[in-house]
Amino acid sequence: MRAYAIHAGLLAILLALHFTLPAYHHGNLARVMVLASYAMGYNLLFGYTGLLSLGHALFFAAGMYGMGLGIQHLGLSPAPALLLGLASGAVVSGLLAALALRTSGVAFMIVTLMFAQAGYLTVLYFGEVTRGDEGFVIQQAQRVLWGVDLSAEGNRYIAALLLFGTCLMVSLWLVRSAFGRVLVAIRENEDRVRMLGYDVFAHKLAAMMISGGMAALAGAAYGLLFGYVGATFASVQYSIFPLLWVLLGGAGTVLGPFIGTLFMFYLIDLGSDLTTAYMLIAGVALVLLTLFAPQGVMGEVRRRFWRELP
Amino acid sequence: MLLSTRGLSKTFAGLHAVEAVDLNIPEGEIRALIGPNGAGKTTLVGMISGRIAPSSGRVFFDGEDITRLPAHRRIRLGMAYTFQITSVFAGLSVAENVSLAARRRLRGKALQAEVDAALTRVGLQDRRTQDARDLAYGHQRLLEIAMGIVQRPRLLILDEPTQGLAEGEIAEFVNLVRDVSDRTTILLIEHNMRVVMDLAQRITVLSAGAVLAEGTPAEIHANADVQAAYLGRGSDAEAG
């Protein structure tokens, strides 16, 4: 219960910030919350199950394009479009899982990377439908969900908070469930889990579909809330981002992805005010973190202060 | 028969690690599997538990042909396997290690009670919140055994369970196994001859991948072939 209270506390703070933050940071935080939802999906697979994917942009983009193309070409309204995005992510991650989970370790990284790259090239190849690199804008009129205009700053923030809160609580519940504990055990010692009578493949498959589904939902929401769908989001960069966020914040902690995303977002934001070589600042931060807190911010909190932190 | 094998063989790159082994273990027995290093003991139980695919032959569990079943399905039928090289979840607590073993069949309060009982039985109850990696080696072995018995298996396979245990711990282990054996069939791979002679109702001797002899401890003790191949000439040799 204490764990739920702490995570609900974060949501309460984020809600309070809605009323107090200046417009600039208010907009940033909405963006961070959606991206953190993506990172939480990534964390379920990487941090808890121990599978390092380099292809999650494929799922993020599957959600984004499932939603965006549904609106653009099928004339869907936002709610079914979001669902279509989620379903695309689940299907794509299920298919990729069935193939990639035959491998492990470095091979798994390469297979996921290659399929994500194939996904990116597919988006470019079907440029007439997807508008390729240029992408397409989702018009304000197409972004009204149940009478709420999601292009308005305030609504957007609340929608992002709802998405973030859902992903946070689902993650928390999942990692404390019997299923989640088997995932952690797979990360620790896969062979032993098998010899305790658990179907390791089925657990990994489910983990990858949940992870891909969450990433896709975040991708769909990102496109809908910020009104743009483009191929950049399918590129390798967007596969690396969640890995960095999760590593920074603490892999295998529920709060880590949010902390990492927030930290990285502002690091780049502030860094780009100072210099055009802002990625250098991000790089230095990562090196420092690896040296002094290799388990990430929340990992360090868990190690020093609260061992039971989920 | 709870467990039988028929002509079970494994060839690694032309080398016969296990050759045409027929094994029959009735329900309720404590069977020891002994043999010099490299005799194929671990390969044989690997094929029984499903960790290693046989080159030929069949495995039957409770009359059912399980040769093609993956390891986790065999475990669900009622086998439990404790690893020779300690293979606990190092980063998880002692209690969580045992819970993972029990959670396949139990939840909630019943799970808690069963985990407590298993930990008490092996004497690790007061270390339940420690990480498994912080346990002394002997205690990790006991944790392995707790993870085995908490599954309430019909067949418990113990792969060199006393390796690395101190004298006093071995005595406790013998009591523990005897205690468990009234409701579990046990297949014990063991180097310590005193433990084998103490516990086993029957002994199977494996040498160079094939069954050299099988019988009661007294018969095996008196068997000239076994003495030549394995025990050496001394009568109470402690083979290592």
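Visitor: What radius of gyration does chain A have, and how does that stand beside a compact globule of 310 residues?
Guide: This is a predicted model, and chain A spans about 55 × 45 × 40 Å along the principal axes of its C-alpha trace. A compact globule of 310 residues would have a radius of gyration near 19 Å. Chain A agrees with that, because its own value is 19 Å.

Visitor: How many helices and strands are there in chain A?
Guide: Helices and strands are counted separately here. Chain A has 14 helices and 4 strands.

Visitor: Are α2(A) and α10(A) roughly parallel or roughly antiparallel?
Guide: Two packed helices are described by the angle between their axes and the distance between the axes. For α2 (residues 23-48) and α10 (residues 200-226) of chain A, the axes come within 7 Å and cross at roughly 165 degrees. Angles over 145 degrees count as roughly antiparallel. The crossing angle therefore makes α2(A) and α10(A) roughly antiparallel.

Visitor: How do the residues of the contact of α2(A) with α10(A) divide by class?
Guide: The crossing of these two helices, α2(A) and α10(A), is left-handed. On the α2(A) side the contact includes V34(A), Y38(A) and L45(A), and on the α10(A) side it includes M208(A), M214(A) and Y222(A). By class, the contact of α2(A) with α10(A) has 16 nonpolar, 4 polar and no charged residues.

Visitor: What radius of gyration does chain B have?
Guide: The C-alpha trace of chain B spans about 50 × 40 × 35 Å along its principal axes, and the chain holds 9 helices and 10 strands. With 240 residues, a compact globule would come out near 18 Å. Chain B agrees with this, because its radius of gyration is 18 Å.

Visitor: Which strands stand at the edges of the open sheet of 4 strands in chain B?
Guide: The strand order in this sheet is β2-β1-β4-β5, with antiparallel pairing. A strand at the edge has a single partner, so one of its sides is left without a neighbour in the sheet. In chain B those edge strands are β2 (15-25) and β5 (64-65).

Visitor: Which residue of β2(B) is the bridge partner of T5(B)?
Guide: Strand β1 (residues 3-12) of chain B runs antiparallel to β2(B), and 7 bridges join them. Helix α1 (residues 41-49) of chain B lies across β1, β2 and β4, at about 120 degrees to β1(B). The bridge partner of T5(B) in β2(B) is L23(B).

Visitor: In which sense do β3(B) and β9(B) pair, parallel or antiparallel?
Guide: Strands of a sheet pair through backbone hydrogen bonds, either parallel or antiparallel. R31(B) stands opposite R202(B) in β9(B). Over 4 bridges, β3 (residues 30-34) and β9 (residues 202-207) of chain B pair in a sense that is parallel.

Visitor: Which residue in the turn between β9(B) and β10(B) has a positive phi?
Guide: β9(B) runs antiparallel to β10 (residues 210-215) of chain B over 5 bridges, and L206(B) stands opposite V211(B). The two strands, β9(B) and β10(B), form a hairpin with 2 residues between them. The turn residue with a positive phi, about 50 degrees, is A208(B).

Visitor: Which element gives the largest share of the side of chain B that touches chain A?
Guide: In all, 16 residues of chain B are in contact with 13 residues of chain A. The elements of chain B that give two or more residues to this side are α2 (71-77) and α3 (94-102). By class, this side of chain B has 8 nonpolar, 4 polar and 4 charged residues. The largest share, 4 residues, comes from α2(B).

Technical notes:
Residues numbered from 1 in each chain as written. Chains lettered and ligands numbered in written order. Predicted model: local features only at pLDDT ≥ 70, side-chain atom pairs only at ≥ 80, totals over all residues. Contact = placed C-beta atoms within 7 Å. Nonpolar A, V, L, I, M, F, W, Y, C, P; charged D, E, K, R; others polar. Axes fitted to C-alpha atoms, helices over the stretch in contact; angles between N-to-C directions. Parallel < 35°, antiparallel > 145°, perpendicular 65-115°, else oblique. Left-handed = near helix turned anticlockwise from the far one by under 90°. Pairing = 2+ DSSP bridges. Rg over C-alpha atoms; globule rule 2.2 N^0.38 Å.
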